[in-house]
Amino acid sequence: MTILTQGLSRGAVEELSRLKGEPEWMLQKRLHAWDVYESTPAPLGRRGDLGTVRAVANFKYQDINPYVPVTDSLSATIEQSLREAMVDTRAGLVVQRNASVVRTELDAELRSKGVILTDLDSAVREYPELVQQYFMTNCVPVESNKYTAMHAAFWSGGVFLYIPKGVEIEEPILSQIWIDAPASATFAHTLIIAEEMSSVRFVNEYNSDFTDERPSFLNDVVEVYARNAARVEFSNMQDLGLNVWNVTNKNAVHEKDASTTWVLADLGSKVNLANIGASLRGHGSVAELVGVFFTDQDQRFSMHTLSDHAAVATNAETLVKGVLTDQSRVEFEGMIRVQPKAQQTASFLSDHTLLLSKECRAESIPGLEIGANEVSASHGATTGQIDEEQLFYLMVRGIARPEAERIIVQGFFEPVLQRVPLENLRARLRRSIVRRMRGAYESEADTWVDAQERWEIEGVDEHAVQLDGPKADEEIQLSEY
Amino acid sequence: MVSELIIKNLHANIEGKPILRGVDLVVKQGEVHALMGPNGSGKSTLANVIMGNPKYEVTDGEIWFKGENILEYSPDRRARMRLFLAFQYPMSIPGVSVANFLRRSLEAVREGNKPIAEGEQPSGKMGKRKSIPPREFRTLLQEKMRLLKVDNSFINRSINDGFSGGEKKRAEILQMALLEPEIALMDETDSGLDIDALKIVSESVNALTGPNLGILLITHYQRMLNYITPDFVHVMFNGRIVKSGGKELAFELEEKGYEWLKPADEENEVGVNG
């Protein structure tokens, strides 16, 4: 047992698999991954970048415990979080605490329709064919990079979701990952297989709950298979403490007419290295990525997105907005790749960053690789500070400068928040964003949320004067910032 | 007691260049003053300096409002004392709806003449503050919108974002109606408006005038004064008020232009925009 308490090694991989009582094929998969990990150099980033990729390479992996199983189920913090969870009605629930899944629930009706929601450890035993076919093969292959190989060698717990043909799940499924052991590593895996014509909304939350300064490490992988005409919406709320480092690799594979949405909200973690992909392999498939981040103190993010068009008539849109303050640093690399056979493709990417302090730094590198000739693709990136004239305008209306800044930041985020499909997640994001800015009042975000939602719901007053008759563009105009 | 805005010997620079060069002016609640003058004479600068725009540096003189020297006050505190500026070029703020913004603005202005503390205490505890219930606010806003015949679609749009010139000016007047200032500075409110829009905006201003509102109407055309009758007319030239009179002065300007008022010692100086 001692071999599995500190550091990464081949022996630790073998011990982990033995403890879990895994079949031989999974042990072999882990050992293969270990070999890939050993033989793959750590990515070090580009010359002259902000150094985040290199920082992850230099993390002291030998100081962490790669397997912290939990026997007592939910902590008081998790219990409370579930009561206040942003998804109040849900079709299913999975809670992972460190290396162990401690709770799984699934609506009985869905179970009777053949939906499978379980931890991945159980799926290895109960659905070996599906796991062998889909687990780190085609979507996020073991060999993708050094960290995916590390993940494949040490994964534990995890979510396995299978939606049979034609089953549409309306209420969201909530997955929570909790890290409450210092100096630990968690390798959480989410595998979603949405069969033909099925649909699901999945909400993933990453939280941590420990105060120890010894950092922990979360290396997670999310794999989404959207089969023909399936729809998958995946919302991710990352609110880890500043003593957690996070490396994440997420990808969605699209078959014909499939559509997926990534909603990625990154607020926490000390260092965050993210690779987010959309593999558009089926004719007519559609991918959307909406990203929001807010960094402060000495947080460092490095975010890489890839819209990979490999089939005819595919569409992708990536929209990322972020705010930086204090000494935080964020790198964003957004790539649009259109393969030669992917004609009639449309792909758009935009990344807008607002800097609130003089010490923070942001770097944005959009990229295009176009191999087809019948393509509509564009990208745009802006980085800037709050406009002094806008501030003056708000101040002349009685609003003090710090709050005026908060209002402008909220306005900056609003267009992407409008794209967040889950109302509760939207509200929680608004609150988190306001709270991140110093000096806010307790009710400030709620006032804003209430007003916003209420005006939207109640609409216009019937006694109101209509001067020019109804206009064509009466919906809320939220122009790009 | 009638509120007074008193400007004494005001000098101000932008980027080291002097724009205001000794302005003296008194505007009282209930009075309508027109401030006229050619482009670049310093009219807009005066409005911005009165509100405390940090772009400008006050090098000499005083601004008194309600018996307090407000020169050191932040723009938001001046607004909470019920000074108002209708901008010549209102800023658009994407993603912030007119409704939410106006509600916050009204809450802030109702806090009155004091510095506003931040909500979060050094302990990290967040404070609470008074807010106006959405329903009460909506009733009030809709009353003002009816008074000014403003289209309801305004409220859910982002502030000035994609607004036409006329819509922006009307949104400014709506804000003025809601915030109930004691002295309002209206900077070129007539510029960029066609004749119909000018009429609507002027009627809106007339609907708001009364014993509680003093107005300083900045314009370089006489045409708005066809609709709004000023009690006093001042002419500004190269950073100073060179002539003051009653409403007949406006007609005289219309007839003769500004040249005859140009001080002899400033023949060769070129005005600066603002």
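Good morning. A helix, in this talk, is a DSSP run of at least four residues of type H or I, numbered from the N terminus. The model before you is a predicted one.

I begin with helix α1 of chain A, residues 10–20. Directly after α1(A) comes G21(A), and its phi is positive, near 65°. Which residues of α1(A) are buried? They are A12(A), V13(A), E15(A), L16(A), S17(A) and K20(A). In general, an α-helix has 3.6 residues a turn, so residues three or four places apart point the same way. Among the elements covering the buried residues of α1(A) are α2 (24–39), α6 (120–126) and α8 (146–154) of chain A.

I turn next to chain B. Helix α5(B), residues 165–179, packs against helix α6(B), residues 195–208, at an angle of about 5°, and their axes lie 10 Å apart. The two helices are therefore roughly parallel to each other. On the α5(B) side, the contact is formed by K169(B), R170(B), I173(B), M176(B) and A177(B); α6(B) supplies I200(B), V201(B), S204(B), V205(B) and L208(B). Sorted by class, this contact has 7 nonpolar, 1 polar and 2 charged residues.

Finally, the nonpolar cores. The largest holds 127 residues, of which V409(A), F413(A), L5(B), I7(B), L46(B) and L185(B) touch the most other members. Which helix gives the most to this core? That is α10 of chain A, residues 401–417, with 8 residues. Leaving aside residues up to four places away in sequence, L46(B) touches I7(B), L10(B), L20(B), V23(B), L25(B) and L35(B). A second, separate core has 54 residues, including M26(A), V56(A), W155(A) and F160(A).

Thank you for your attention.

Key: Residues numbered from 1 in each chain as written. Chains lettered and ligands numbered in written order. Predicted model: local features only at pLDDT ≥ 70, side-chain atom pairs only at ≥ 80, totals over all residues. Heavy atoms only, no water. Axes fitted to C-alpha atoms, helices over the stretch in contact; angles between N-to-C directions. Parallel < 35°, antiparallel > 145°, perpendicular 65-115°, else oblique. Contact = heavy atoms within 4.5 Å. Nonpolar A, V, L, I, M, F, W, Y, C, P; charged D, E, K, R; others polar. Buried < 20%, exposed > 50% of the residue type's maximum accessible area, 1.4 Å probe, protein only. Core = buried A, V, L, I, M, F, W, Y, C linked by side-chain atoms within 4.5 Å.
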